[in-house]
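Colleague: Before we go through the model together, could you show me how a pair of packed helices should be read?

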Amino acid sequence: MAATQTADIKALLGADADGDRVVSAHFLVGAVFLALAGALELMALFSLRFGGLSPVGYGRMESMANITIMLGFLVVSLTGGIYYVLPRLTGTRLWRRELALTGLVVTSGLVLIDLLAVVLGLGDGRQPLGLPWWLHIPMLGALTIPFAVTMMTIRSREETRSFVTLWFVIGGVAWLPLLYLAYFAGDLPFISSLGEAYSDLFFSAGFVTLWVFVVGGGLFYYTVVKELDIPLASRQLAAVGFWSLGFAGAWWGTAQLMFGPGPGWISGVSAALGLAFPIGALANASNVSLTLQGHWERLSDKPGVVSGVIGLYLGVAVAILASFASFPSIGSVTALTAYWEAIEYGALFGVGVLLVAGITFEAMPRVSGRDLSSLDRPRSFNRWTIIGAGGVMLSLVAAGLVSGFSWVAGSNSAAYVDAGEGWAAGAGASDVLLLVAVGFGVVAFLGQLAYAATVIGTVTAGRAVTQEILVYGSDDRQGTREATVAEGDDE
Amino acid sequence: MSELSAAAAEALGIPEALVQRSAAARAAETGASVDEVLAAWAGGGDVPAAKAVEAPPGTEVAEETAPAPPAPADDVVAPPPPPQVTASPAEPVGAGQVAALTTASGKPPVLVGEGDNPIGVLVGAVALFLAIFLVGLVGPALPAAIAGARSSDLPFSEAALRGQDIYRSVGCASCHTQMVRPVVADVDLGAVTLSDSNQVLGTRRFGPDLSNVGARTTASQIGAVVTGLGDHPSLALAAEDLEDLVAY
């Protein structure tokens, strides 16, 4: 009853109830996909360590986990976050809310079809998604919808001044379909296997940098300032963060083919330009830290802000690790190893999930009309995610370094004579660390379940709260400017 | 920096430079002087109301009202508080406008923006992407004529081509490379891969590199591994598909 009342009252007052429903739908669908992605990734980690026991090989499991976390969770949830801030920063309604909702339905449906295609063996094995080429076309179309909605909303904005979040949003929605187009181009028949490999890595790295870090970080600027009602420390530092991340692009992806069949110059170029990645991540993290100066003690009842802060700091660690391994001297050890898997896991299941939580926990009460169902679950989410995702990342980094050094050292000392022997000994040395990673993966999965329970529980069991009025519609010409809606729970 | 702005900054707990900037913006919107605004913020006095029609709507965000305490969930006796609609003394607002900027506490809004052009940001972002795309993807992927390069324009048989499709769809490249690098770790794996065109290179080596694997092992050995020998996942392939994969 309460939800109906809230919606009715909001509609009566002309608030952007439809837009908020679109936002909450994105968050809810994203939460479900996160729980699924966590389970799939856990199975992938398991199959990496116990290949003989896994009914589906690591290749397919990893593709399925990537599809779910990247397209199902990170695209859907961050798009929801974008639709949440747009009316609040532009002073106008979300453009074509039904189109935004259609985008959600199409994207979600395609994710399910993608999963089916991979498990049935219809995919082409290209990392990270492993989809058949014909499924890229509708997905590309779906990914252009956030761009259209965002830019058209901004086009009709009432507010002429831009808060920094708008830059990040504009960059993210423009880069995402372009990245996907570049990935799709790898399927063209005249593209060589080398071009295909570069395309895969370009998309994997670009998705993390240009979508997860850019949009997640940008939305978190809004969260910090709005939740704590304090001004941003530095607009200039935010600009440094935005453009540095844009500049960092996908260089750390290109660097993964070090010593491969590509031209030699690309190693130096990607190592040098890839330095922009930690610079961008550090600029955003330090900007938020400066903003929070003197207000840290207020975070105890703001789990969303805590999530985002942890996500930004973890992002700095991920960026430094990626940049570090992009130099040829380090890359000769880490190339092709679990080290890069660690970075991707940390970026997607660590940074990405935490940054999404940073906006979701803040937005859910405002878009659903209900307070977070519990503060304990978000706190558990933060704790388990940093321990779990951080643990998996460190275990895989260590596994990559151990196997990398083992290969290099064993080969260098002529301990390995037969082809393949060096690999077996090198990989075997990291088996224990892979087992540890599986253990931490279980902890991370608990965190992902806590996130899903928080988001879903807010809608089903959260206590009704005050709503904010964003944009007045044509029905509201009486001058009502602020409204307080108080109502009881429906239980 | 005036005493007024310092006092306002102290009262609000935010940097003085931001207070001044916010005060200037507020003064421009309300028609009051900057000092009046600062004095109001410093002393907790009334802030001049924004002119509803002229004020740029949504400069920051619509201000939220203080949450009303929710009724207890199990309270069946006391009726829930009726919905209240409190109207601020303001002029009629037209469609498409947002709520008032003035906060109840008189604090300046914190989501302060500046008048930059979103189209400029978009153009810059796309241009940056194109530059990275050309240098970071197109450039290195272009075929290079390297003398003595090993090319894998191999004349695959029909069965081997079918096997390559299976190799891809199963996801073999997630764990296996077919790329021999000029580094010590790849010693004895065969000729270094310098330029490739129809292999599946792969980017991870959780399993051994499979370049020239046919020359190093027998077909029956490959078949045994694929069907679950050792730690390798057991792939449920039809006999015909397994033959194709081995042929590849």
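Modeller: Let us begin with handedness, keeping in mind that this is a predicted model: helix α5(A) passes α6(A) in a left-handed crossing.

Colleague: Which quantities describe two packed helices in general?

Modeller: Such a pair is described by the angle between the two axes together with the distance between them. Here the axes of α5 (residues 133–155) and α6 (residues 165–185), both of chain A, come within 9 Å and cross at roughly 165 degrees. Because angles over 145 degrees count as roughly antiparallel, α5(A) is roughly antiparallel to α6(A).

Colleague: Which residues of α5(A) and α6(A) meet, and how do they divide into nonpolar, polar and charged?

Modeller: From α5(A) the residues include A:Met139, A:Leu143 and A:Phe147, while those they meet in α6(A) include A:Val173, A:Pro177 and A:Leu181. By class, the contact of α5(A) with α6(A) has 14 nonpolar residues, three polar and no charged.

Colleague: How do α11(A) and α12(A) cross?

Modeller: The axes of α11 (residues 276–292) and α12 (residues 303–324) of chain A come within 8 Å, crossing at roughly 160 degrees, which makes α11(A) roughly antiparallel to α12(A). The crossing of α11(A) past α12(A) is left-handed. Among the residues that make this contact are A:Phe277, A:Ala281 and A:Val288 of α11(A), and A:Leu312, A:Val316 and A:Ile320 of α12(A). The contact of α11(A) with α12(A) divides into 13 nonpolar, three polar and no charged residues.

Terms used: Residues are numbered from 1 along each chain as its sequence is written. Chains are lettered from A and ligands numbered from 1 in the order in which they are written. This is a predicted model: local features need pLDDT of at least 70, side-chain atom pairs count only at pLDDT 80 or more; totals for chains, interfaces and linings use all residues. Axes are lines fitted to C-alpha atoms, for helices over the stretch in contact, and angles run from 0 to 180 degrees between N-to-C directions. Helices (H or I, at least four residues) and strands (E, at least two) are DSSP runs, numbered from the N terminus. Angles under 35 degrees count as roughly parallel, over 145 as roughly antiparallel, 65 to 115 as roughly perpendicular and the rest as oblique. A crossing is left-handed if the near helix is turned anticlockwise from the far one by less than a right angle, and right-handed if clockwise. Two residues are in contact if their C-beta atoms, placed from the backbone, lie within 7 Å. Ala, Val, Leu, Ile, Met, Phe, Trp, Tyr, Cys and Pro count as nonpolar, Asp, Glu, Lys and Arg as charged, and the others, Gly among them, as polar.
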